[in-house]
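Biologist: I would like to learn how to read a model like this one. Please give me the rule first, then the case.

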Amino acid sequence: MEEKKKKSILTLIIVDAILLLLVLMYIFDMIRASTFSLQLGYSEGDHTFTEWLADGNPGEIYVQLKDGSGKPVVGHSVYALVEAGDGQFESNRAITDEEGKLTFVFTVPEKKQAIWEYTAQKSEIRIYDEDNSVFFLVPKTRHLTISYKPIAD
């Protein structure tokens, strides 16, 4: 009976050590993810970005990823997702270049109803850096809300 008790205690210690290691790994990834900076911007044409989009033109959303010391992060996979509203990306995933930059091309449906002339539309977008964690997926995330209204004809 004594041998069985020792095995149970040893098993419990091993399980606790594994759980502690997993928690520490997750905390490490959370801290690491918090050191990254994900900056967003968008193109401006002859009209504002939102008027440009509302008339059915594609718009570019620029992303730059930097590490905790402000240096560009090269080769990270960044994902863009439309969480609510209209619009879509030409491609949802891109890789940062040598300057830590990438571009997503975003479009919204063309004006099809007269109601659009009076009502602004909105898209909720989330941008994720998928490669900033080591053990678990703890992405650096930025949200962007784009409200757009077509230019009156």
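Modeller: Start with exposure. Buried means under 20% relative accessible area, exposed means over 50%, and partly exposed lies in between (1.4 Å probe, protein chains only). Two notes on the source: this is a predicted model, where local features need pLDDT of at least 70, side-chain atom pairs count only at pLDDT 80 or more, and totals for chains, interfaces and linings use all residues. Residues are numbered from 1 along each chain as its sequence is written, and side-chain values use heavy atoms, leaving out hydrogens and water.

Biologist: Is E60 buried, partly exposed or exposed?

Modeller: E60 has a relative accessible area of 33%, so E60 is partly exposed. Over the chain, 27% of the 153 residues count as buried.

Biologist: How do I read the secondary structure?

Modeller: Helices (H or I, at least four residues) and strands (E, at least two) are DSSP runs, numbered from the N terminus. Here the chain has two helices and eight strands. Along the sequence the pattern is α-β-α-β-β-β-β-β-β-β.

Biologist: Which residues of helix 1 are buried?

Modeller: M25, D29 and A33 are buried there.

Biologist: Which residues form a nonpolar patch on the surface?

Modeller: A patch takes residues with over 30% relative accessible area and no salt bridge; like charges are joined within 9 Å, nonpolar side chains (Val, Leu, Ile, Met, Phe, Trp, Tyr) within 5 Å. Accessible areas come from the Shrake-Rupley method with a 1.4 Å probe; for residues, only the protein chains shown count as cover. Here L10, I14, V15, I18, L19 and L22 form the patch, with about 520 Å² of accessible area together. The accessible surface of the chain comes to about 9,600 Å², and 56% of that belongs to carbon and sulfur atoms.

Biologist: Now the sheet. In what order do the strands stand?

Modeller: Two strands pair if DSSP finds at least two bridges between them. Four strands form an open sheet, ordered 1-2-6-4, with antiparallel pairing. Strand 1 (37-42) and strand 4 (88-89) are at the edges with a single partner strand each, so one side of each has no neighbour in the sheet.

Biologist: Which residues face each other across the strands?

Modeller: Take the pairs in turn.
Strand 1 joins strand 2 (residues 59-66) over six antiparallel bridges, and L38 stands opposite L65.
Strand 2 joins strand 6 (residues 101-107), also by six bridges. E60 lies in strand 2, and its bridge partner in strand 6 is V105.
Strand 4 meets strand 6 over two bridges, where F89 has F106 as bridge partner.

Biologist: How far is E60 from F106?

Modeller: Their C-alpha atoms are 6.1 Å apart, although 46 residues separate them along the chain. For the chain, contact means heavy atoms within 4.5 Å. Among contacts between residues at least 6 apart in sequence, 63% join residues at least 24 apart.

Biologist: How many salt bridges does the structure hold?

Modeller: Side chains of opposite charge can pair when their charged atoms come close. The cut-off: a side-chain nitrogen of Lys or Arg within 4 Å of a carboxyl oxygen of Asp or Glu. The structure holds one. E99 pairs with K101, with 3.8 Å between the closest N and O atoms. E99 is partly exposed at 41%, and K101 is partly exposed at 37%.
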